[in-house]
Amino acid sequence: MTTVETSPLLSDPAAPATSAAVTGPRRTLTIGPHTIDTPVVLAPMAGITNMAFRLLCREFGALHSQDDGGLFVGEMVTTRALVEGHKESWRLVTMGERETPRSVQLYGVDPATVRRAVEMIRERDLADHIDLNFGCPVPKVTRRGGGGVLPWKTELFTRIVTAAVEAAGPEVPVTVKTRIGIDDEHQTFRDAGLIAQEVGAAAIALHGRTVVQHYSGEARWGAITELKELITDIPVLGNGDIWSAEDALEMMDQTGCDGVVVGRGCQGRPWLFADLAAGFAGKPDRIQPSLGEVAQILRRHAELLIEFFEDEGRALRDLRKHVAWYFKGYPVGGEMRHRLATMESLADLDAKLAELDLESPYPGAAVEGPRGRAGTPKKAHVPDGWLSSRELSTEHAARLHEAELDTSGG
Ligand SMILES: Cc1cc2nc3c(=O)[nH]c(=O)nc-3n(C[C@H](O)[C@H](O)[C@H](O)COP(=O)(O)O)c2cc1C
């Protein structure tokens, strides 16, 4: 390993860096008052991007950046849960001392509730940046008019973003994250971008898929190009299918976007943030960890989770879902994976990791490329009559609050 001598995570020299072609000069990203050295955002991922994972990603990003190599957004929290004082939601929006700027993601369907939640976050000084989620494709959310199908109702969308921007004030920029639309016949990203820009959002991020696509197929970067051409006053961030630093540079070059949002590509590969920071700094360094180094990183992840949950058992149980991602492509047999996925304590983890062939080198392509959620397109579930008008009917408005009761991501 060539580039990690300053890392607390990786100490033993291993595989050499690749000689990746690097294009373009370093580009910074400006989000309201914040200038981010590397134009990269860790995508909010419910169940994944808790404080432990964010810190791990930051530690890697900092290896090649003057700051932590990006913005690291928390797990989505519903504004209703905050307003109703749910303890767990308040815990999720409370960031650690080592996290600056603090990026919180909110989801809400009611302008007054969104406004109140943002005011409460401001009163408690909990965020330096608030991202609003308008991309969730989960049927139980969209069937009630929430998530990725909400921007179809342009006036409601406008009122929600406006409420957040007003309540956040100039010091706390509000950004919007959305999809192409409900399906190809009901695209919303152009209107959403124009509205976000008009009402004072600090940036708009576009996941190049429709709600119908969920996570299937390939993200359509052409929509990001189109949005970038349309939106001239605020940064446009591109999202979808970035698996390497080269992909990120390619998306910037192809679409002209101002920054990239990276989700599944870093699941089990938090070191991707070092690669991304190196890539944007024009350096060829890429981390290619041996199995022993992956084990060390997994161990670090466990320690950070214990710090976050203040409960070793819960931390190790949470880590289980990351195990398959960490070892994807490495020679770790099914039986061992299964045993790792039932670990209960740090001592248990250590004992199991010690059994691995730690000298095993970086496997190359097997570790790279798509990972995480994929699947097939799914019918978009929307309330009856939702698509016939872009105005919110009284009937739809009456049931919309149900779209905020039980959600899980975007
Ligand atoms: C497990 C998981 C959880 C997610 N949770 C959220 C979320 O809470 N908020 C959000 O806006 N998007 C969420 N997303 C969507 C991602 O932020 C991102 O838009 C999507 O994965 C596409 O980017 P990628 O191709 O880099 O993964 C989630 C995605 C996954 C895979």
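Select Glu404 and Arg80: their side chains meet in a salt bridge at 3.7 Å, N to O (a side-chain nitrogen of Lys or Arg within 4 Å of a carboxyl oxygen of Asp or Glu). Glu404 sits in the segment after helix H15 (394-400) and Arg80 in helix H2 (residues 79-83), so the pair ties together parts 324 residues apart in sequence. Helices here are DSSP runs (H or I, at least four residues), numbered from the N terminus. Glu404 is buried, at 1% relative accessible area, and Arg80 counts as buried at 18%; buried means under 20%, exposed over 50%, partly exposed in between (1.4 Å probe, protein chains only).

This is a predicted model: local features need pLDDT of at least 70 and side-chain atom pairs pLDDT 80 or more, while totals for chains, interfaces and linings use all residues. Residues are numbered from 1 along each chain as its sequence is written, and side-chain values use heavy atoms, leaving out hydrogens and water.

**Stop two: helix H12**

Now pick residues 312-327, which make up H12. At the N-terminal end, Asp311 is the cap, with a side-chain oxygen 3.1 Å from the backbone nitrogen of Gly313. Asp318 is buried at 14%, whereas Lys321 is partly exposed at 39%. Past the helix, click Gly329: its phi is positive, near 90°.

Conventions: Helices (H or I, at least four residues) and strands (E, at least two) are DSSP runs, numbered from the N terminus. The expected span of a helix is 1.5 Å times one less than its number of residues. A polar contact is a pair of N or O atoms within 3.5 Å; within protein, one must be able to donate a hydrogen and the other to accept it, and residues adjacent in sequence count only if both atoms are side-chain atoms.
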